[in-house]
Amino acid sequence: MGLMEIVEEWDVGLRSLDPLGFPGYREKLESLATESVRTGRARDAVVVEGDFSVLGGSMGAVHGEKVVRAIDRAIELGLPVVVEARSGGARMQEGMVSLIQMARTAAAMGRLRAAGLGSIAVLRNPSTGGVFASYASLCDLSAAEAGATVGFAGPRVAETVTGRSVAGHSHSAETAFEAGLVDFVGDADGLRAWLQGALGLADRPLAPGVASGRPTTEVDGGPMADDVG
């Protein structure tokens, strides 16, 4: 369940194909009932909501297309965009088709900003890889779920490349706050209240803050996206 209720869901019928003929990928897609992102209109905003339970929330061609369409519809409607990210990154089974979605979604965010419309990101657990490195990091305001894994390459990747463990002092919501990458850290209730204030729907000061806690969603997905560990 997302932080904002989608009252009109968009592009429900869009489904990914298998552009590379990746072994086992077509069968996996046929077993899915939904894509890795939901988009639609809430009462006061357009919502982009990632779903980690679907292939690790990974961004393939359809994920990217749904995000781009949602942002362009927000421009038409004159509404802000709320991104609730929860992703392991780009969908490697689609290769360059997946990676190009980073540029497409980033360009769409540029159009939103040029139209003078706001955007808010809420980084849930995990927020990593290509989604984090594109539209999820281009919002005007951002918050993160307490205890969430936040960063581009996962901690295991960083340790493999550098030969040093970053456990305990990197790739978390709290360290992202310390580095000035997010404006607020809290649990689901705190994030919901902060989001209401950020949208101007509640009389709540947006003072930066951080609260300790654990993610409200456990990371439990297969190797369908970038490393999130």
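I began with contacts in this predicted model. Among those between residues at least 6 apart in sequence, 74% join residues at least 24 apart. I then noted the secondary structure, which comes to seven helices and eight strands. Of the 229 residues of the chain, 49% count as buried. The accessible surface is about 10,400 Å², and carbon and sulfur atoms account for 55% of that area.

I next turned to helix 3, residues 95–114. I checked its length: at 1.5 Å a residue, its 20 residues should span 28 Å, and the end C-alpha atoms lie 30 Å apart, which agrees.

Which residues of helix 3 are buried? I listed Gly95, Ser98, Gln101, Thr105, Ala108, Met109 and Leu112. They cover an arc of only 155° around the axis, so they fall on the same side of helix 3. The general rule is that an α-helix has 3.6 residues a turn, so residues three or four places apart point the same way. What covers the buried residues includes helix 2 (61–77), strand 4 (81–87) and strand 5 (119–127).

I looked at the other side of helix 3 as well, where Met96 and Ala114 are exposed. Met96 also belongs to a nonpolar surface patch of about 290 Å², made with Met92 and Leu99. Is Leu99 buried, partly exposed or exposed? I found Leu99 partly exposed, because its relative accessible area is 35%, between the 20% limit for buried and the 50% limit for exposed.

Methods: Residues numbered from 1 in each chain as written. Predicted model: local features only at pLDDT ≥ 70, side-chain atom pairs only at ≥ 80, totals over all residues. Heavy atoms only, no water. Patch = residues over 30% accessible without salt bridge, like charges linked within 9 Å, V, L, I, M, F, W, Y side chains within 5 Å. Areas by Shrake-Rupley, 256 points an atom, 1.4 Å probe, with all protein chains shown as cover. Salt bridge = Lys/Arg side-chain N within 4 Å of Asp/Glu carboxyl O. Helix = DSSP H or I, 4+ residues; strand = E, 2+ residues; numbered from the N terminus. Buried < 20%, exposed > 50% of the residue type's maximum accessible area, 1.4 Å probe, protein only. Expected span 1.5 Å × (residues − 1). Arc of directions from axis to C-beta. Contact = heavy atoms within 4.5 Å.
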